[in-house]
Amino acid sequence: MNKSVAGADRVFRRKRSVANLLGCAALTTLGVHAPLVAHAAGAPQVAPAGSAPLGSPFPAVAPPASDLIATGRYLADAAHCSACHTSRSDRPYAGNLPMRTKFGTLYTSNITPDPTTGIGEWTEAEFTAALREGKDRHGQPLYPAMPYPSFTRITDADAHALWSYFKTVKPLKDKTRSNAMTFPFNVRTGVLAWQAVFFKAGRYVPDAGETPQWNRGAYLVRGLGHCGACHSPKNFAMAEKKGHALQGAEINDWFAPDIS
């Protein structure tokens with residue numbers, strides 16, 4: 001990597017760190033003001049014409065061919081997928097970002113449509129299962145660093161829009177790095193026990209006693225925006241503590257403030 005690229009990459013990483021801290025609070029506001037997601041009985045909605053996407057500088061291979069793809073890109077920006085799945089600014093969504101935990105280091109996956117190192121050979125059903133059920137394409141459990149406990153609430157329409165968008169981004173081949181988890185956390189089947197205790201799959205159910213505007217905000221905060229992944233305190237197994245939603249948490253020397 002030359003000096004100019006390295007310098008740009010350092011700036012990119014600093015900006016991304018700040019964006020990660022502010023993202024959930026911003027999504028709460030956007031849930032009130034921006035039509036990011038489908039209403040319970042309606043079709044997916046797209047950002048107003050001419051509005052800027054939420055943070056992502058990464059274009060599709062070609063201009064979106066349909067409102068469906070435009071919706072998918074907008075939802076990917078709202079979920080801030082680039083924050084975890086981009087390790088270098090010149091290789092968007094190619095993965096390999098190290099995520100250091102007290103159990104070891106995980107490397108994020110390539111979610112570009114590259115057929116060998118990305119999701120190019122995946123089916124939509126496999127993509128949706130990873131997103132909402134915490135399963136890889138072979139049915140093996142994913143570590144909950146992938147926020148499927150929140151993403152499980154994503155609607156069918158929005159999952160389809162996300163899939164449609166990611167099929168249009170530039171395919172990037174990248175060497176797949178193996179996770180470096182300590183024993184016994186390197187035994188992937190052990191995640192099944194975690195899922196059995198701490199994960200419950202299911203879509204977001206609108207609260208009939210609240211307004212559509214409130215429900216849109218709740219859908220963003222609890223589901224697509226996965227704000228609780230950082231802002232809710234964790235138990236011994238790093239699952240969100242029940243009854244303490246968004247009350248602040250410290251993770252790997254970062255403090256996510258109380259936004260309840």
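The model is predicted. The structure holds seven salt bridges. Helix H2 is mostly covered, with nine of its twelve residues buried.

**Helix H2**
- H2 runs over residues 67–78, and its end C-alpha atoms are 16 Å apart.
- Just after H2, histidine 80 has a positive phi of about 55°.

**Serine 87**
- Serine 87 sits in the loop between helix H3 (81–85) and strand E1 (98–101).
- Its relative accessible area is 11%, so serine 87 falls under the 20% cut-off and counts as buried.
- The side chain of serine 87 reaches the backbone oxygen of glycine 95 at 3.0 Å.

**Salt bridges**
- Aspartate 90 and arginine 88 pair through their side chains at 2.7 Å, N to O.
- Aspartate 90 is partly exposed at 41% relative accessibility; arginine 88 is partly exposed at 29%.
- Glutamate 126 and arginine 137 form a salt bridge at 3.4 Å, N to O.
- This pair links glutamate 126 in helix H4 (residues 124–133) to arginine 137 in the loop between H4 and helix H5 (148–151), eleven residues apart.
- Arginine 137 is partly exposed, at 30% relative accessibility.
- Arginine 132 bridges to aspartate 156, with the closest N and O atoms 2.9 Å apart.
- Arginine 132 lies in H4 and aspartate 156 in helix H6 (residues 156–166), so the pair ties together parts 24 residues apart in sequence.
- Arginine 132 is buried at 9% relative accessibility, whereas aspartate 156 is exposed at 55%.

Key. Residues are numbered from 1 along each chain as its sequence is written. This is a predicted model: local features need pLDDT of at least 70, side-chain atom pairs count only at pLDDT 80 or more; totals for chains, interfaces and linings use all residues. Side-chain values use heavy atoms; hydrogens and water are left out. Helices (H or I, at least four residues) and strands (E, at least two) are DSSP runs, numbered from the N terminus. The expected span of a helix is 1.5 Å times one less than its number of residues. Buried means under 20% relative accessible area, exposed over 50%, partly exposed in between (1.4 Å probe, protein chains only). A polar contact is a pair of N or O atoms within 3.5 Å; within protein, one must be able to donate a hydrogen and the other to accept it, and residues adjacent in sequence count only if both atoms are side-chain atoms. A salt bridge is a side-chain nitrogen of Lys or Arg within 4 Å of a carboxyl oxygen of Asp or Glu.
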